[in-house]
Each structure stands twice: as structure tokens, then as C-alpha cells.
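Below is a colleague's note for someone meeting this structure for the first time. Please read it with the model open beside you.

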Amino acid sequence: MNLDELLAEHAELEVKLADPAVHADQNQARTLGRRYAQLTPIVAVYRELEGVRDDLEAARELAAEDAGFADEMAELEARVSPLEERLKHLLIPRDPNDDKDIIMEIKAGEGGEESALFAGDLLRMYLRYAEREGWKTEIIDAQQSDLGGYKDVTVAMKGKGADGVWSRLKFEGGVHRVQRVPVTESQGRIHTSAAGVLVYPEAEEVDVQIDPNDLRIDVFRSSGPGGQSVNTTDSAVRITHVPTGVVVSCQNEKSQLQNKESALRILRARLLAIAQEQADAAASAERKSQVRTVDRSERVRTYNFPENRISDHRVGFKAYNLDQVLDGELSAVIQALLDAEMAEKLAAHA
């Protein structure tokens, strides 16, 4: 879509959003509002650029007759290039999921209890970062380990404004590796273990249609660390989506109905991710290569405690403030990934 079409779409959305009838349908109003918020920065920069260009043209005409306008002309000329660059960046096609909230799963991997403790550290890191960003978080399901870590934990994060949580955390998925002396190690030796992070854009019901006949739903008793039962009723729910084989279990809530609703939220997000992966696989090789440096499927990051170092292997990011990162100071590493994504998009559209 070219700039003229985007400007026309913005004007059309402005008219629609001023119509009270549109707001009778909250889903439609929310969709239109998000799109309007996406286009508004483009329109604002375009208008500013056009204003500067008009002023520059007038200053050139005046400078031809009065040298006193030369300084004003130079000042206006200096503003044109940065505005053109900003507009160029804004016109790069966005990830269509950037305005979505997310569901994140963190799973202990190799390393036993140490891996589960590291999964807990990652959860705390993301929750602290979300708090800094002003996002709302909700732990949907969790299976704790004996020492207080997590074998598996699922959290929903909800943002605000035009950019959703996905726009910031979409590259967190993958294998996260930790190097440190585990609390279970009596000899003081450094061990390497890992935890897996999965990030999905949260799907609304309109995004994914699920046929109830495609679901197999089982109920069972919730279990805590060590496998002991944590209640006396069959409140935990396991949902199997038969066509794809995707299985989701939830046991955090005391109510079977609440666990079922939570499991369906996760299932919708997973099915949306599968559908998008299939669409990407069907796309051209050129398109698939555009974001290779931030491939979510690879080992993504190492957290080295002895050196207080964090390394992101996809973009060569390295910093020696691991303690601060684990306390939620994730902005620098996330920005490095977003800059890499933007550089590849600019190269692809050059």
C-alpha cells in the first residue's frame, strides 16, 4: 500500500470512528481504533514533512531577495532529511501481529531442578519488564518444582496503545541457556542448563474458529510439586485438538470451567501460530529469508552468571549487566533485535 492510500485510509477511519453507530460493536471499534493508531504516526510525520518543505520553498524565494533568510533556509533544509528517514521507516510494512497481546510459555529443559529454577528466573525477569512497561500480566497456568522453580508456566501479557506486547517480545521465543553454579551443586562447579520460551500472539475468537467437535476434553486432579494432589476434585482440564494433535493442560484455577477457558485461550494462540507458520512456509524463499538473523527457532541467548554477562547469539549483542537484565532491564537487548529486524526490512525494500 502506497503513501496516498494510507493517507486516504486514515481519513476514512477518522470518519468511521466519529460515527456513534460504529462503537455499538466493540470488536469492530477496537479493530478500527488500532488501525487508526497505527496510521496516525505516519500521517503526523508526513504532514510535518510537507509543512517543512512548503516553508523551505518560501524561504528560498525570500532568500533570493534578502540574504537575511539564508539562516532560516539552512535550518529548514537540515530538518528535511531526518523527517524523510523517519517516514521511510514508518512506511516499512509492519508485522501484522505487532498490536497484539501475547501468551508466553516458559518450560524447564535439560538440567533438572536447576533448569526449573532458571525458568522461574526468566518468569520473574519478564514480569518485572512488563511492570516497567505498564503492562498487565496474568499467570494462566503453572507447575512448580520441588525447590520453588517452574517445570512449566504460562503467562498472558496485555499492553496498551498502538503497539502491543508482541511488538516488543516476539523474538524472545527459543532456547535460553544459563551458566552458573546451581544451588544443588556442592562442589562449586559451573553447570550449563536451559529453559525454553514460547511466545504466541494472543488470538481472539474471531482470529481462530474452533469446532467443538474437534476437541477431546479430559479432567483430572491438579498436582503440585512432587506429584501430590493439591485438591480433591477433578478441576484440572486437558484439551486435545484432534486435527492438529495440540494438547493443552490447565490446573491453576480451582474451577474446572475457569481452567477450561484458560486452556482454550492457550489453544487458540497455538493454533494461530501454527496457521501463520504454515502461511510463512508457503511464502517465497525471498520473504522467508528477510528475518533470518532473528529466527525464533534457534538457541537465542546465554546468561553467564560468573561474568555477569548476557549474550544474544542472533545479533551479536553482549552486555555485562546480567543482574539488571534479570531484574527487568531488558530494553537494550530487545532494541538490538528490533534494530536488526528493521535493518533487514530496509535492505529488502531498498
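Predicted model: local features only at pLDDT ≥ 70, side-chain atom pairs only at ≥ 80, totals over all residues.

1. Residues are numbered from 1 along each chain as its sequence is written, and side-chain values use heavy atoms, with hydrogens and water left out.

2. On the sheet: eight strands, in the order S2-S3-S1-S5-S4-S9-S10-S11, make up an open sheet with mixed pairing. At its edges are strand S2 (136-144) and strand S11 (317-319), each of which pairs on one side only. From one strand to the next the twist averages 15 degrees. Strands here are DSSP runs (E, at least two residues), as helices are (H or I, at least four), numbered from the N terminus, and two strands pair if DSSP finds at least two bridges between them.

3. Helix H9 (residues 331-348) lies across strand S9 (299-304), S10 and S11, and runs at about 165 degrees to S11, where axes are lines fitted to C-alpha atoms, for helices over the stretch in contact, and angles run from 0 to 180 degrees between N-to-C directions.

4. On Arg 314: this residue, in the loop between S10 and S11, is buried at a relative accessible area of 9% (buried means under 20%, exposed over 50%, partly exposed in between, with a 1.4 Å probe and protein chains only). A polar atom of the Arg 314 side chain lies 2.6 Å from the backbone oxygen of Phe 171.

5. On the aromatic pairs: how many does a search of the whole structure find? There are two, a pair being rings of Phe, Tyr or Trp (its six-membered ring) with centres within 6.5 Å, counted as stacked when the planes are under 30 degrees apart, edge-to-face over 60 and tilted for the rest. The rings of Phe 118 and Tyr 303 have centres 5.3 Å apart and planes at 65 degrees, so this pair is edge-to-face. It links distant parts of the chain, with Phe 118 in helix H4 (residues 113-133) and Tyr 303 in strand S9, 185 residues apart, and both residues are buried. Tyr 129 and Trp 135 also form an edge-to-face pair, at 5.5 Å centre to centre and 85 degrees between the planes. Tyr 129 is buried at 1% relative accessibility, and Trp 135 is buried at 11%.

How values were computed:
Contact = heavy atoms within 4.5 Å. Polar contact = N/O pair within 3.5 Å; in protein donor to acceptor, adjacent residues only side chain to side chain.
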